[in-house]
Every structure is written in structure tokens, then in C-alpha cells.
Amino acid sequence: MGTKTVDGAGTGAEAKNDETATEETAVDVTKASEEAAEPETAEASEAAESAGAGDELAADETADDGADDEETLLLDEEPEGPSGVGQGAAAVVSVVLGLVSLTGGWIGTVAAARETLIGQLQTSSTASVAKQVKEVYGDAWQTTALWAGVFALVALITGVAVLVRPAFGAPGRAQAPWIKSVAWAGVALGVIGLLLAVLKYSDALLGLPSTS
């Protein structure tokens, strides 16, 4: 009976040792599995971060390409043609020339004085009063009217040229309203100046006084 008790106790101890060894082995395997999984998880995280960065970079490049395409479309849609600076300058010149034709300029003044001097030199003191008036004053006034008419004609031509310029330029570019207004003002001044010059040159307006 004593022998059987010792054998039973030894068998129980061995069974407990086997169970402890099995549990330790299972723990070691679990730790090894966790340690092996940790690098894989880190690599997966790095791969995911790399993929996210790549997606963001691709999105940025797509946005930049879209912005470039929009700028290209805007540039393509903008009609090519003159900027209107030259037309505006020409319209202003037309107005100035029209004003000169009405108020007179130094060229007309010098030409009239020169004609007066010529009339005095070529007319003798024994000539009739009518002849002296015509040579000294009449010709000078006609010279002034002639130069005023020249300025008025140039103003008229310049204004008309500005108004018809868009017909020969880019079809899609409209002329600025202020350019049209100034050009029409130049045309109006040119017409008025030319009409007054013709009337004065023909003595229909402010003719020579009668000497009879």
C-alpha cells in the first residue's frame, strides 16, 4: 500500500510539471507571434502613410493642373487685338486739332502776319483804297482761314479714322465708350471749324468792308 501511494504522488507531480511546461511553451509562442506581428504592423502603417502621402501629392498635382488649365483657357478666351491706347490718343489729338482750328494757332498767326507784310511791300501808296485793304488785310484773313481749315480737316479725318478703326481690328474687342465720345467730339469740332473756315475764306462770313 505504501508503494502505491508514492507512485501516485510521483505521477501527479510529473503531470503538474508537464502542464506547467505546456503553459510556458504556449506563452512563449504567443509572445513570439506578437513580436513577429509588431514589425508587420509597423510596416503596414508605414505603407499606409506612404500611400496617403502619395494620394495627397497626386491631389495637389491634379489641383495645380486644373488651375493651369483654367489660366490657359482664360488666356485663350481673351481676344487678341489692339489695346485701345492708340485709338484713345488719336481721339484726343482730333479734339485738340479741332480746338486749334476754332481758336487759331501760331502757324496761322505767323502766316497771316507774313501775308500782311507782303501786301504792304507789293502795294504802292498810290494804289486805290480797295486794293490796299485787300492786299494788306483781305489776303491775311484768307490765309488765317486757310490754315484753320487745314487743322479742321485733319481733326475731322482723325476722328473718323478712330471711329471706323474697330471695323478693321479684332471682331471680338469692343471700342471703349470714352474713345467713341472723344472721337465724336473731334469730328464735331472738325466739321464746325471747316465750315467756318470755308465761310471766312469765301468772304461769306466777316467779309471785307466796303470802301465806296
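The expected span of a helix is taken as 1.5 Å times one less than its number of residues, where helices are DSSP runs (H or I, at least four residues) numbered from the N terminus. By this criterion the 19 residues of H2 should span 27 Å, and the end C-alpha atoms of H2 are 27 Å apart, which agrees. The model is predicted: local features need pLDDT of at least 70, side-chain atom pairs count only at pLDDT 80 or more, and totals for chains, interfaces and linings use all residues. Residues are numbered from 1 along each chain as its sequence is written, and side-chain values use heavy atoms, with hydrogens and water left out.

Helix H2 comprises residues 85-103 and includes Ser-94. Ser-94 counts as buried because its relative accessibility is 0% (buried, under 20% relative accessible area; exposed, over 50%; partly exposed, in between; 1.4 Å probe, protein chains only). Apart from residues up to four places away in sequence, Ser-94 touches Ala-155, Thr-158, Gly-159, Gly-186 and Val-187 (contact, heavy atoms within 4.5 Å). Other buried residues of H2 include Gln-87, Gly-88, Ala-91 and Val-95. The buried residues of H2 pack against helix H4 (129-164) and H5. Just after H2, Gly-104 adopts a positive phi of about 95°.

Leu-205 is located in the segment after H5 and, at 34% relative accessibility, counts as partly exposed.

Conventions:
Helices (H or I, at least four residues) and strands (E, at least two) are DSSP runs, numbered from the N terminus.
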